[in-house]
Amino acid sequence: MSVAELAINTGAGRSLVFDAVNAAFEGFAPSDAHRMVTDFNWRAIASTNYDLFLEGAYDDTRRRRQVLVPFVKDDEPIDARKGEVVNPVEYLKLHGCLRHRLDKDIPLVLSWEQYDEYGLNRKHLFSRLSYLAHECPIIFIGYGLADSHIRSLIYKLEASARPRWYIVDPGAEEEDTKLWNSKNIEVIKCRFGDFMQALDEAIPKLLRFVAPSAETVNFPLRAHYTTQTSQETDGLRTSLAKDLTLVHATMAFKDQTAEHFYSGYDTGWGGIINRMDARRKVTDDLLFKALLEHADPTEPLLFLLRGPAGAGKTIALKRAAFDAATANNVVALWLEESGQLRPDVFSEIFELTHRPIYLFVDQVALHVEKLALLLKAMKARRVPLVLIGAEREADWTTYCLSLESILAPVFLRVGMLSSREVGDLLDLLERHNCLGDLTGKTRSDQVAAFMDEERADRQLLVALHELTRGYPFEKIVLDEYERVPEKARRLYLDIATMHQFAVSVRAGTISRVSGIRFKDYQKEFMVPLKDMIIVAEDRYDDYFYRTRHPSIASMIFIQVCGDDEAKAAQFVRLIQGFDVGYSSDRRTLEGICKGRVLARQFQAPDGARDVFGTATSVAPNHAYLRQQWAIFEMNHEHGDLRDAERLAAEAAAMDSKNSSFIHTQAEVARRRANAEASPVLRDQLRRQARRFLEEMPKQDRFCISSRCKLAVDEIADLIENLSDQERVTDDRFFADKLQDTERSLTRAQQQFPQDPEMVETEARLWSLMKDKTKALRALERAWKKMPRGSGTAIRISKIHTSAGRPDAARSVLEEALSRNPEDKLAHFEMSMHLLSSADPAEWDRKAISHHLGSSFQVNDANFEERFTLGQFLFATGFPERAEAVFDEIERRAPKEFRRFAPKADSVLTKGLPVYSGIVDSVRHSHFMLRSGTYPQRIFSHRSAFEEAEVDEIEVGHQVYFRLRFNRRGPVAVSVHLNPSGWNSVGTELSEPDLEIPEMVATPPLHA
């Protein structure tokens, strides 16, 4: 050590010394003892050596029984790395590796200085060894009492609280042996080679590796083989033993009581096999689409059950998997929570069966990276893999959109129970004596209780508890928590705090956080937490905890940790025990550290800052955490924008290509500009924000939104700086800037009509204008200068309108049209003014028709004007002419123009009545309706229907709906199966005598 330290500190530097060390090992091969290590199965291997002898020994694929997976730093993804191979063994290189000798984060530990600081970026490697030491015997080879880290490990763990350990030491003295024995460590006096030779002789080869049985009775996949003489590989057998469950009629399952099942305590497949679940129409729809509509697929397909938490997605998915396997005899595989996905395994299954493979995956967001790799491989190999998943809607949008770029998903929504499904569930509850407080009520009252509006939007699990036990679910959960003994209550809270993010909690994490090992849990906590905590063992010998449901976990956390101090203390304590090399810990950490959520949860910023500070110390290279911290500082009432700027810059520096991080930088710069008193600094910061936005894709929704916000910010500043006196240049500049801003907002709303931020930004613009007399005076002065075009007059009109002066608004538009009767913008604005200033029954239809017809000409690009005319024609009884207008828009308008109907009513649609029609066709995501109100079929998205009714909709059903419009014409919204609650039902309107320009009434028709 001293020689290396001297060389490094006297000018040679680390790189030269490390290269010299590497050169010193060249030419040497692994010894026979190293090679014999590969003949056994190990739980894990750890070493303070940085040589490559063990890696070289494991390169012999014919001899080795496991695949060596080295880990050299904390943030390497454990699950993903181990999942890439079959039979992995974790190899912890605690003091570095020659292959990574130039990595500045993890230098080789050669000098005393480095020995003392070895934990930098390697803290979790040693903690993993410490965790294993609680449960596993350890054999120390090549170590003595002089090694400080070994001493630390020995003294940290009580000898009686762990298995017996062993140390191979050929030079051990009698005193050493006595000392080691006092520490529950047995000394074996021999050399490494002798030890391995003795081990090889003592343990027969047949006992070293127990492979999964190859017998057909224990390997039911063989029932699907094209020839019964086919032989699967060890890799396939191992994958079905550890990663995947083959769903079949005789599969094993854990005991499941009905009482537990209906309270949310799901033990696996017992509730499905014993048919305790109520039949859901969404399950039948899924099976129909996946198995019948897409029978005999030749390439991968993707189906997804989406819905809110607690809607019953997991049970519906399991039912679909079991019925697909048993009733339809397909190859149905269920991905275990910690399971890995290896493309070669699926390719082999296809080669053996020549049949499509149906892979069912719950909580898709937890498996996005490995699913993306699998789908790409299956597409390239043309393997017909049908992926059927389930995920919460919010998590799909947050984590899973990358899958949509690989395969277009078929979405099915799991929503509220229909009345028929409620009836089936009540039958089951009655059969299993689980009706609780519903006992004795009539069936109609029981159904009405489930369908009551107070519970219509509540989760199925919550509704079941409240109806059968008679009081609020939150109180039920809190009462359960408070009845638990104090020590067990703390453990319950820890598990709930983490499981509220829908990620199972590793036993290793709990051990680090609370000191409660799994053996302790079995002895002390299994009984008091019975029916509240589910314990699961994955097939890689890891244990996990979870509550009955993430929603229950969230209720516990919210009620117990009610103030800032309690929330912060709980989060910080847990985060300190996270090892982000494990995907479950990393996802939980990301769930905790959502900037906007913490800005809402914490009244004062200090507690949340403690959370972020701890998180970034545990995962220093995770850029997402710094971005979320920046978002917190930007959104909290007492946040620090300078800290937000620094943190956003740090995140972007870690991942310079991530447009989300760049957008955060732009938003921070924009917010800082608004807070600056100096005009010079404001201008600099806004230029900086625009430079950031230039680095983003130009059509990115967030980029466009921020550009619009910047423009409105600048309008606000210009208004403040306007003079009460005439300044021609300033007045003209303000008018032009306002016109440009309004045009940008209009284009943004056309492109993203469902984005509420665009509407909010426009509302902020006119809210600013209506109370600013100086802005109005400046525009009026500019208008008096007889500018070209009517833009200035239109802005003046809008200010009058927003301030509640409709007559003044109309007057300025009339003046604009008197100056230029052919001004198309002025005609359009006048039509909008006439539409918005009176109820539909009092519209001056002739005038509106004239102005709309004059707002564009043949073959021009005024598509917004045509879009408004189409709606007006429909509203006033010209459906055929409206159809012709929409056909032209569809043919000629840019593809991004008005692709979707807006979420809110416009001045034209808010006065439309309720219409009736019939369902003409049913698709997985939408319906097509026929109505006498329009010549063509009317589109309606599945989300437009009531959740309780949508699964009952069939072709031929009569429905009642309201209308909005997209570029193709009317779109049905708020669709119902009956007219109850509606004031009227629309009929075909008669055509009043309107003046419609010929060029509008008969545009070229779409072929």
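Glu90 is buried, at 5% relative accessibility, where buried denotes under 20% relative accessible area, exposed over 50% and partly exposed the range in between (1.4 Å probe, protein chains only). The model is predicted: local features require a pLDDT of at least 70 and side-chain atom pairs a pLDDT of 80 or more, whereas totals for chains, interfaces and linings use all residues. Residues are numbered from 1 along each chain as its sequence is written, and side-chain values use heavy atoms, with hydrogens and water left out.

The mean pLDDT of the protein is 85, and 89% of its residues reach 70 or more; pLDDT is the predictor's confidence in each residue, from 0 to 100. Confidence is highest in strand β10 (residues 357-362), at a mean of 97, and lowest in helix α47 (residues 998-1001), at 35. Helices (H or I, at least four residues) and strands (E, at least two) are DSSP runs, numbered from the N terminus. Over residues 983-1007 the pLDDT is below 50, and this stretch has 57 contacts in the model beyond near neighbours in sequence, a contact being heavy atoms within 4.5 Å.

Glu90 forms a salt bridge with Lys82, with 3.7 Å between the closest N and O atoms; a salt bridge is a side-chain nitrogen of Lys or Arg within 4 Å of a carboxyl oxygen of Asp or Glu. Lys82 also counts as buried, at 17% relative accessibility. Glu90 in β3 stands opposite Ala44. Strand β3 (residues 88-93) runs parallel to β1, to which 4 bridges join it; strands are taken to pair if DSSP finds at least two bridges between them. An open sheet of 3 strands has the order β1-β3-β2, with parallel pairing. Its edge strands, β1 (44-47) and β2 (67-71), each pair on one side only. Neighbouring strands of this sheet are turned by 25 degrees against each other on average, direction ignored. Helix α6 (residues 123-135) lies across β1, β2 and β3, at about 125 degrees to β3; axes are lines fitted to C-alpha atoms, for helices over the stretch in contact, and angles run from 0 to 180 degrees between N-to-C directions.

In total, 67 salt bridges are found in the whole structure. Glu480 and Arg548 form one of them, with the closest N and O atoms 2.4 Å apart. Glu480 lies in helix α23 (residues 473-483) and Arg548 in the loop between β15 (543-547) and α27 (550-560), so the pair ties together parts 68 residues apart in sequence. Both partners are buried, Glu480 at 8% relative accessibility and Arg548 at 8%. Arg810 pairs with Glu814 in a salt bridge at 3.1 Å; these residues are 4 apart in helix α41 (residues 806-819), and therefore separated by about one helical turn. Arg810 is partly exposed at 34%, as is Glu814 at 40%.

The largest nonpolar core has 73 residues, and Phe734, Met769 and Phe961 have the most contacts inside it. Such a core is a set of buried Ala, Val, Leu, Ile, Met, Phe, Trp, Tyr and Cys residues joined through side-chain atoms within 4.5 Å. Helix α44 (residues 863-875) supplies the largest share, 7 residues. Gln871 is located in helix α44 and is buried, with a relative accessible area of 7%; its contacts include Phe886, Leu908 and Phe965. Phe961 is the bridge partner of Tyr915, and strands β16 (residues 915-922) and β19 (residues 958-966) run antiparallel, joined by 4 bridges.

Notes:
Lists of a residue's contacts leave out its neighbours within four places in sequence.
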